[in-house]
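Here is a walk through a two-chain model, from overall build to a few local details. Keep the viewer open as you read.

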Amino acid sequence: MKHLLSVDDLGGRDGIEEVFRLTDSFVEVSERQIPRVPALRGKTVVWLFYEDSTRTRLSFEQAAKRLSADTMNFSVSTSSVKKGESLRDTVQTIEAMGVDCIVVRHGSAGAPWRVADWVDACVVNAGDGWHEHPTQALLDSYTIRRHLGGVDGKRVAIVGDVKHSRVARSDVLAFSALGAEVTIVAPPTLLPPSLDGWPVSVSHDLDAVLPKCDVVYLLRMQRERMTEALIPSLREYTAGFGLTRRRVDLLDESTLVMHPGPMNRGVEIAAEVADLPRSVVVDQVRNGVAVRMAVLFLLLGSGMDLT
Amino acid sequence: MTTVVLKGGRIIDATGERSGDVVIGEDGRIASVGQNLSADRVIEAGACIVAPGLVDLHAHLREPGHEEAETVETGSRAAALGGFTAVVAMPNTEPATDNAAVVREVLDLGKAALCDVHVAGAITVGRAGEQLAPMAEMAALGVRLFTDDGNGIQDNRLMRRALEYASGLGVTLAQHCEDDSLAAGGHMHEGEWSSRLGIPGVPAEAEELVVMRDIALARLTGASIHFQHVSTAGAVAMVRAAKAGGLAITAEVAPHHFTLTDECCAGYDPVFKVNPPLRTPNDVAALKAGLADGAIDAIATDHAPHAQEAKEKPFDEAPPGMLGLETALALAMTELDIDLATILGLLSWKPAAVARIGGHGGPIVEGAPANICVIDPAASWTVDPSLLASRSRNTPYTGRTLMGRVVHTFLWGEPVVVDGEATR
């Protein structure tokens with residue numbers, strides 16, 4: 001694997017499980033008193049974030065530091081991008097400074113593919129438009145595996161704005177590669193125009209799905225969707241598709257509640273539901289660091305001894 | 001100028017096919033057509049087709065305003081190499097070709113070009129879709145086709161008035177069929193691939209709604225209307241039905257729409273971004289059927305050069321458009337299961353009739369203007385962007401091997417392409 005642009009780059013179930021085995025050892029590293037290994041000493045990783053991100057950038061940064069990599073941050077808001085520099089010139093300039101890995105977040109679907117065409121460094125997609133967010137899918141799958149013992153055969157409901165969600169696209173690919181049964185639940189306006197080829201079933205009735213799932217994965221509902229005539233109001237969305245206190249009673253005792261963050265408490269998830277023990281949102285964030293350590297190690301640390 | 005004889009070619013024009021010699025006289029006209037003819041210079045055309053020069057209803061020559069992408073000179077050289085002896089230059093220049101002054105500028109530039117350059121005028125001022133442009137003053141300079149190409153006219157009443165006004169001038173409106181509100185924010189065909197790739201889509205219905213409305217307005221006004229770059233199965237069906245109902249409707253299809261599909265966008269390379277977008281295999285099949293059965297009148301290139309830096313962007317930030325002039329004929333010959341005479345009709349005499357371009361489109365008879373292309377139907381060649389004459393390189397066919405090559409092109413008797421090379 002030269003780049004991680006899509007979940008498909010991981011090579012299916014076997015490739016994803018290899019990431020998980022590495023992640024297990026990095027979870028162990030993270031629990032040490034000094035949670036740091038010299039695996040990527042001398043390697044440089046740069047963050048190229050064309051969109052705001054707090055948790056993903058910090059999570060990658062923590063992962064790189066725990067592997068002893070050097071990191072640089074390219075902040076678009078203060079950079080020459082404001083002076084009209086093209087994406088190609090920007091990435092080639094950065095590469096010329098000597099970087100081994102570029103972690104890209106961009107508002108345009110496919111932008112990391114363009115970057116990968118233009119540089120020799122390895123490229124990690126940290127979110128491209130509505131398209132993919134592969135490390136999120138890895139940390140989500142890993143979290144399910146840790147809590148439920150595996151992903152195979154698990155029934156996962158992904159609820160909300162799938163149309164605009166890179167998390168949903170990557171999660172569908174990863175969950176189904178690992179053998180989960182995925183149901184997406186949303187009003188038709190928040191579904192992609194076509195689901196041909198998607199290994200999912202579709203429902204518009206959350207109450208009917210909730211009793212029959214092992215994981216409820218809630219997507220963030222963005223407020224501007226109302227102005228695009230996709231939903232009449234957030235109130236109506238919550239009534240139909242929010243995980244309210246009442247709906248939690250429909251869940252099996254062991255069903256997990258997940259969310260990629262940042263949460264809109266009171267919209268897609270009720271505040272008290274977010275704080276229930278079955279809600280593993282904080283674990284997702286914790287696992288994200290170890291998963292990203294595994295990804296960076298896989299891409300940059302070939303031949304190195306983990307111990 | 002000396003006289004030239006094209007010896008022993010298959011002569012194909014609107015009147016049919018025959019074998020023979022064609023002598024091009026010193027006056028730029030065909031001196032004679034027959035057997036065993038001689039002239040100062042002999043060009044063997046035995047294995048070749050001798051046809052009227054091709055006519056493109058839809059070329060973006062980019063001048064004035066975007067000379068970094070193309071000029072009238074470079075675009076006309078690409079046209080001549082593609083077998084075209086006449087092109088209609090689209091009005092989305094900067095400034096827009098929406099008045100006599102800009103029309104005159106482009107026509108003047110065209111005088112030195114390697115093909116005849118006709119101009120399409122804008123329907124509305126600034127192509128903004130609000131106020132009618134001075135169509136009469138442009139028509140007085142010979143403009144016969146008007147379009148806001150790149151933009152469709154959204155307002156129903158304005159489109160009605162434009163059709164009525166145009167019919168009084170004896171000119172035709174050409175519509176870029178796109179409903180702005182349905183298409184808003186889209187960058188490729190809306191469907192299976194856009195959903196998977198996370199690229200906002202443009203549904204086929206954004207095109208079809210405008211085709212539907214304009215057919216209704218053609219019925220209301222009695223005016224003629226031409227549909228540009230038809231790309232969907234539904235649009236072809238509506239055009240076919242409207243023609244059967246006797247309306248004065250014509251339509252063109254671009255080569256990329258019958259040779260490429262939306263799946264091409266999977267690598268996010270904006271060289272495959274075009275408007276209307278590449279559609280589905282089902283649409284491709286419908287376009288091919290429409291080209292075969294006459295529902296579609298013309299193959300038009302929608303030649304849309306873009307400078308390298310404009311396309312070196314993420315898919316949604318890059319402008320739409322792809323090169324077409326140098327590959328159109330070979331794509332049609334390679335990809336369409338249609339007899340050659342029909343293909344040449346779609347590329348030559350039928351578009352000449354749509355745009356009312358005199359002197360082009362044949363027939364190849366004594367006394368007619370010598371606007372001729374000579375085609376080797378058996379020659380195969382591989383598309384190499386670095387070898388194209390266009391100033392830009394945005395062809396989606398890099399590396400594709402095509403059958404059929406233009407060997408010679410004569411413009412009013414002048415050999416502007418000889419042995420596949422432009423002479424100037």
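What radius of gyration would a compact globule with 307 residues have, and what does chain A have? The rule (2.2 Å times the number of residues to the power 0.38, taken over C-alpha atoms) gives a value near 19 Å, and chain A has 19 Å, which agrees.

A word on ground rules. This is a predicted model, where local features need pLDDT of at least 70, side-chain atom pairs count only at pLDDT 80 or more, and totals for chains, interfaces and linings use all residues. Residues are numbered from 1 along each chain as its sequence is written, while chains are lettered from A and ligands numbered from 1 in the order in which they are written.

On confidence, the predictor gives the complex an ipTM of 0.93 and a pTM of 0.95. Chain B averages a pLDDT (the predictor's confidence in each residue, from 0 to 100) of 97, with 100% of its residues scoring at least 70.

Back to chain A. Its C-alpha trace spans about 55 × 45 × 35 Å along the principal axes. It holds 11 helices and nine strands, taken as DSSP runs numbered from the N terminus (helices are H or I with at least four residues, strands E with at least two). Of its 307 residues, 48% count as buried, meaning that 20 or more other C-beta atoms lie within 10 Å of a residue's own, with C-beta atoms placed from the backbone. Take the contacts (C-beta atoms, placed from the backbone, within 7 Å) between residues at least 6 apart in sequence: 75% of them join residues at least 24 apart.

Now look at strand S3 (residues 101–106) of chain A. Six of its six residues are buried, so S3(A) is largely enclosed by the rest of the structure. In a regular strand, side chains alternate between the two faces of the sheet. Here one side carries Cys101(A), Val103(A) and Arg105(A), the other Ile102(A), Val104(A) and His106(A), and all are buried.

| Partner of S3(A) | Bridges | Sense | Residues standing opposite |
|---|---|---|---|
| S1(A), residues 44–49 | five | parallel | Val45(A) and Cys101(A) |
| S4(A), residues 122–128 | five | parallel | Val123(A) and Ile102(A) |

Apart from neighbours within four places in sequence, Val289(A) is in contact with Ser30(A), Ser59(A), Gln62(A) and Ala63(A). Its C-alpha atom is also 8.9 Å from that of Ala64(A), 225 residues away along the chain.

Over in chain B, nine of the 10 residues of helix H1 (residues 72–81) are buried, so H1(B) is largely enclosed by the rest of the structure. Among those buried are Val72(B), Arg77(B) and Leu81(B). Just after H1(B), Gly83(B) takes a positive phi of about 95°.

Finally, how many residues does each chain bring to the contact? Chain B gives 19 residues and chain A gives 21 residues. On the chain B side, the largest share, five residues, comes from helix H6 (residues 192–197). That side of chain B divides into five nonpolar, six polar and eight charged residues.

Conventions. Contact = placed C-beta atoms within 7 Å. Nonpolar A, V, L, I, M, F, W, Y, C, P; charged D, E, K, R; others polar. Buried ≥ 20, exposed ≤ 12 C-beta atoms within 10 Å, placed from the backbone. Pairing = 2+ DSSP bridges.
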